[in-house]
Amino acid sequence: MQRLLSIGLAGLALAALAGCGGGKTVTVTRTVTRTVTRTTTAPPPPASASACAGGDLGGSFAVVPGSAGAGQISYTLTLTNTSSSPCWVSGLPQLQLLDASGGALPTNVTAAEPGTGTAAKIVLEPGGAAKADARFSPDVPGPGEGQAGQPCEPVAHQLQVTAPGGGTVLVPITPPTSVCEHGSLRMSLYSAA
């Protein structure tokens with residue numbers, strides 16, 4: 001009984017202390033730092049590419065659907081790397097319009113927006129492509145070119161593109177077209193296709 005009474009008194013003393021502010025609440029803040037390591041594999045840097053040669057390339061020069069208006073039309077030149085090694089193109093395409101038998105036609109290539117772009121080296125992996133857009137008149141004669149309603153220039157069937165690494169590539173013109181104003185093509189710089 002004395003033991004029970006001692007336990008009871010001890011409990012009362014503790015309760016009294018807690019009620020009198022004798023208790024203390026302790027807040028423990030714990031900061032956990034977790035280190036996460038992620039491994040990513042970057043593709044290997046591209047092998048040193050050389051300038052594309054004519055034999056490295058295939059391509060097309062095709063109308064942009066819905067682009068005709070105000071006597072102008074747009075075509076896109078697309079060059080594809082058909083070789084097994086990377087190569088590059090850059091700047092304004094060097095072009096020559098050709099007739100159905102491969103004869104040279106008047107051709108005058110100018111920058112679509114002179115002074116507004118910087119030529120970039122476009123590296124073409126095998127199977128990769130670059131493009132450049134052309135805007136021209138297919139049916140409005142320039143000075144010294146026949147009359148309206150008459151063909152301004154003979155119809156061009158192929159485009160000969162000079163490659164930066166030397167040589168040329170012949171690309172079909174789809175559909176074949178006249179290029180008025182003595183073959184004036186306003187071209188964009190090459191960009192990735």
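Leu97, Leu105, Pro106, Glu153, Pro154, Ala156, Thr177, Ser178 and Val179 line the largest cavity of this predicted model. Here a cavity is a set of points, on a 1 Å grid over the protein atoms alone, where a 1.4 Å probe fits but cannot get out, and lining residues have an atom within 4 Å of a point. The space in this cavity comes to about 30 Å³, a volume being the space filled by probe spheres set on the points, with grid points joined across faces, edges and corners. The structure holds one cavity of 30 Å³ or more. By residue class, the lining consists of six nonpolar residues, two polar and one charged; Ala, Val, Leu, Ile, Met, Phe, Trp, Tyr, Cys and Pro count as nonpolar, Asp, Glu, Lys and Arg as charged, and the others, Gly among them, as polar.

Residues are numbered from 1 along each chain as its sequence is written, and side-chain values use heavy atoms, with hydrogens and water left out. As the model is predicted, local features need pLDDT of at least 70 and side-chain atom pairs count only at pLDDT 80 or more, while totals for chains, interfaces and linings use all residues.

Turning to the overall fold, the protein chain contains two helices and twelve strands, arranged along the sequence as α-β-β-β-β-β-β-β-β-β-β-α-β-β. Helices (H or I, at least four residues) and strands (E, at least two) are DSSP runs, numbered from the N terminus. Of the 193 residues in the protein chain, 27% are buried, that is, under 20% relative accessible area with a 1.4 Å probe, protein chains only. Among contacts (heavy atoms within 4.5 Å) between residues at least 6 apart in sequence, 76% join residues at least 24 apart.

Strands count as paired if DSSP finds at least two bridges between them; S4 (residues 87-90) and S7 share four, in the antiparallel sense. Trp88 stands opposite Val123 in S7.

Strand S7 also holds Ile122, which is buried, with a relative accessible area of 12%. The C-alpha atoms of Ile122 and Ser90 are separated by 6.0 Å, although these residues are 32 apart along the chain. Leaving aside residues up to four places away in sequence, Ile122 touches Cys87, Trp88, Val89, Ala130, Tyr190, Ser191 and Ala192.

Methods:
Buried < 20%, exposed > 50% of the residue type's maximum accessible area, 1.4 Å probe, protein only. 1 Å grid on protein atoms, 1.4 Å probe; cavity = no way out; pocket = protein on both sides within 12 Å on 5 of 7 lines; lining within 4 Å.
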